Amino acid sequence: MHQSRFQTKISLHLSGPLQVIGSPQPILATPGDDVILPCHVEPPVNVAGLTVEWSRPDLRPDPNDLQKRVGFVHLYRDSREVLDMKISSYVLRTALFLDDLRRGNISLKITNVTLADEGRYRCFIPKLKSLKKSSIIRLDIDQSSNKTSTETPLYPKILQTPGPTEEMHSEAGDMSSRSRLAPLFAFLLIVAFVVGGFLVRVCVWKKKKEAYDIT
């Protein structure tokens, strides 16, 4: 047992000092999304037996609370979640990945986010033997994708100037129609030529016959 602890200390020493690391980039979500705020201990170490706190550093204490306490977004202590110190708006909406605590993963999942959830979040392990026991992750809520426009277009679509693609399709349609009509026109010209020639021959024959009868 002593040898195992000694090997663990050597491993941690060779891997570098422990530190809590959160996402350096803001986490972007839209109202109604489920999000994960990434946070972990580096190098990986089992923190299942330690207290893990998730809080909102920007929130202020409730003025009606005589003890001036600020609740937690999520509090994990003694291998379970502590609910009596949780901010009411986060009840039944947060969870840790319990199986991953043994690998130093203390990321927090928040379900069905709202605009009120936007802001900074702090992941903190109070008893971690490290100079960097916490990290700040920012959650941004993008409400623009949740908007629907009910405005009527300024101009009806039928009055709008057709774009280049529409013009190309129109020209292609005209050319296709012309190509289909070309054989018909040629046939009519041939028929007209034949009929005209026949009529000319009939007229010539009649004139010759009249001249013969007079003679």
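Author: Let us begin with two terms: helices (H or I, at least four residues) and strands (E, at least two) are DSSP runs numbered from the N terminus, and two strands pair if DSSP finds at least two bridges between them. Please keep in mind that this is a predicted model, in which local features need pLDDT of at least 70 and side-chain atom pairs count only at pLDDT 80 or more, while totals for chains, interfaces and linings use all residues. Residues are numbered from 1 along each chain as its sequence is written, and side-chain values use heavy atoms, with hydrogens and water left out.

Reader: Which residue in β7 is the bridge partner of Arg77?

Author: The partner of Arg77 is Arg80, and the strands concerned, β6 and β7 (residues 80-81), pair in the antiparallel sense over 2 bridges. On pairing with β5 (residues 52-55), β6 (residues 74-77) is again antiparallel, over 3 bridges, and here Val52 has Tyr76 as its bridge partner.

Reader: What should I look at in the hairpin of β6 and β7?

Author: Look at the 2 residues between the strands, where Asp78 takes a positive phi near 55 degrees. Ser79, found in the loop between β6 and β7, also has a positive phi, near 65 degrees, although Ser79 is not glycine.

Reader: Is Ser79 buried or exposed?

Author: Buried means under 20% relative accessible area, exposed over 50%, and partly exposed in between, using a 1.4 Å probe and protein chains only; Ser79 therefore counts as exposed, at 53%. Asn112, in the loop between β9 and β10, has a positive phi near 50 degrees, and Asn112 is partly exposed because its relative accessible area is 44%.

Reader: Which residues have the most contacts inside the largest nonpolar core?

Author: In soluble globular proteins, nonpolar side chains tend to be buried together. A nonpolar core is a set of buried Ala, Val, Leu, Ile, Met, Phe, Trp, Tyr and Cys residues joined through side-chain atoms within 4.5 Å. The largest one here has 30 residues, and those with the most contacts inside it are Trp54 and Ile106. Among the elements that give two or more residues to this core are β2 (27-29), β5 and β10 (119-124), while the largest share, 3 residues, comes from β11.

Reader: Where does Pro43 lie?

Author: Pro43 lies in the loop between β4 and β5, and the peptide bond that leads from Glu42 to Pro43 is cis, with omega near -5 degrees.
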